[in-house]
Amino acid sequence: MAVVSTARRVGRALALLAAVAVVLAVVLLSPFVLKEVSGVQGVDWNRLSQAGAAYGFTSAIVSALALAGVAVSLIVQNRQARAEQIQAIRGYYLELVRLELDDMALFQPVWGDTDIADPHERKRHVYADLMMNYAWMGFEIGTIREGLLRDMLAGMFAGEAGRRYWGRARTSWIAGSSGSRVGRRFLAVVSEEHARAVAAGPPARSVVVSDPPAAPAARAARVWRVSVGALIGLGAGLILGSVLRDRR
């Protein structure tokens, strides 16, 4: 996506340079053209000057429109560059969060102390933050419409983990996303869906299913039983062989 936008900006810049080059060429060559025309017999210069004056207003409008087009192009390019910078920063943040999820005990203290004691609850909090950032980025660029956003938030706030996350992170989200019109609309939708979920009743509790017994332990027990049986069989075979040799 970044490569395509860069190619478009380069194409627009080249087109603008080509237009400027054509205008300069016309301005520089106009004296020579007028000199050639002046040698033609029967040319009414007064009439031509009146016709030129009539087109002067139109020329001024065209020049103003061209200047406005250049200004709009510069504004659009500046916004695109700003959007790419924001996306790069958010992508870097998401990578940091993924590293934290891989090893919470190692990386989570770097972010500061937390009041979440349960390790499963800490992981759910970080995962909910990833979900909310995904919803925010999609809503900001237009790939997630408001209807889909409300559906995602309804499912998230129906559970205990989603409501706890928003209760902890609401203040930071307001501080970070209320500076733009899209951000304020996003926060309004999130607040509305959270209030609707709370009014609907208590949340669904987050139940963590205990892991099944580890398979290596069972295999180790079986190996131990087989080893003991083999040793007993070997000992019995040695005793039997000794008895047979003594009889001979």
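In what order do the elements of the protein chain run from the N terminus on? They run α-α-α-α-α-α-α-α-α, in a model that is predicted.

**Figure 1. Overview of the protein chain in the predicted model.**
The protein chain has nine helices and zero strands, and from the N terminus on its elements therefore read as α-α-α-α-α-α-α-α-α. Of the 248 residues that make up the protein chain, 19% count as buried.

**Figure 2. Close-up of a nonpolar patch on the surface.**
The patch is formed by Tyr92, Leu96, Leu99, Leu106, Phe107, Val110 and Trp111, which together have about 760 Å² of accessible area. Two elements give two or more residues to this nonpolar patch, namely α3, which covers residues 56-102, and α4, which covers residues 104-107. Of the contributors, α3 gives the most, with three residues. Tyr92, one of the residues of the patch, lies in helix α3, and this tyrosine counts as exposed because its relative accessibility is 58%, where the cut-off for exposed is over 50%.

**Figure 3. Close-up of the largest pocket and the residues that line it.**
About 700 Å³ of space lies in the largest pocket. Of the 28 residues that line this pocket, the closest to its centre are Tyr93, Asp129, Asn133, Tyr165 and Ser172. The elements that give two or more residues to the lining are α3, α5 (residues 119-141), α7 (residues 160-177) and α8 (residues 181-200). Sorted by class, the lining of the largest pocket holds eleven nonpolar, ten polar and seven charged residues.

**Figure 4. Close-up of the second largest pocket and its lining.**
The second largest pocket holds about 330 Å³ of space, and the residues that line it are Arg79, Arg82, Ala83, Ile86, Gln87, Arg90, Glu140, Ile141 and Thr143. Two or more residues of this lining come from each of α3 and α5, and the largest share, six residues, comes from α3. By class, the lining of the second largest pocket consists of three nonpolar, two polar and four charged residues.

**Figure 5. Close-up of the salt bridge between Arg164 and Glu121.**
Side chains of opposite charge can pair when their charged atoms come close. A search of the whole structure finds nine salt bridges, and in one of them the side chains of Arg164 and Glu121 meet, with a distance of 3.7 Å from N to O. This pair links distant parts of the chain, since Arg164 belongs to helix α7 and Glu121 to helix α5, 43 residues apart. Arg164 is partly exposed, with a relative accessible area of 37%, whereas Glu121 is buried, with a relative accessible area of 6%.

**Figure 6. Close-up of Arg150 and its salt-bridge partners Glu146 and Glu192.**
Arg150 forms a salt bridge with Glu146, in which the closest N and O atoms are 3.1 Å apart. Because Arg150 and Glu146 are four residues apart in helix α6, which covers residues 146-157, they are separated by about one helical turn. Arg150 has a relative accessible area of 19% and is therefore buried, the cut-off being under 20%, while Glu146, at 26%, is partly exposed. Glu192 also forms a salt bridge with Arg150, and here the closest N and O atoms are 2.6 Å apart. Glu192 is partly exposed, with a relative accessible area of 33%. Salt bridges that share partners join Glu146, Arg150, Arg185, Glu192, Glu193 and Arg196 into one network.

The C-alpha atoms of Trp136 and Ser177 are separated by 9.2 Å, and along the chain the two residues are 41 residues apart.

How values were computed. Residues are numbered from 1 along each chain as its sequence is written. This is a predicted model: local features need pLDDT of at least 70, side-chain atom pairs count only at pLDDT 80 or more; totals for chains, interfaces and linings use all residues. Side-chain values use heavy atoms; hydrogens and water are left out. Patches are made of residues with over 30% relative accessible area and no salt bridge: like charges are joined within 9 Å, nonpolar side chains (Val, Leu, Ile, Met, Phe, Trp, Tyr) within 5 Å. Accessible areas come from the Shrake-Rupley method with a 1.4 Å probe; for residues, only the protein chains shown count as cover. A salt bridge is a side-chain nitrogen of Lys or Arg within 4 Å of a carboxyl oxygen of Asp or Glu. Buried means under 20% relative accessible area, exposed over 50%, partly exposed in between (1.4 Å probe, protein chains only). On a 1 Å grid over the protein atoms alone, a cavity is a set of points where a 1.4 Å probe fits but cannot get out, and a pocket is an open set with protein on both sides within 12 Å along at least five of seven lines; lining residues have an atom within 4 Å of a point. Grid points are joined across faces, edges and corners, and a volume is the space filled by probe spheres set on the points. Ala, Val, Leu, Ile, Met, Phe, Trp, Tyr, Cys and Pro count as nonpolar, Asp, Glu, Lys and Arg as charged, and the others, Gly among them, as polar.
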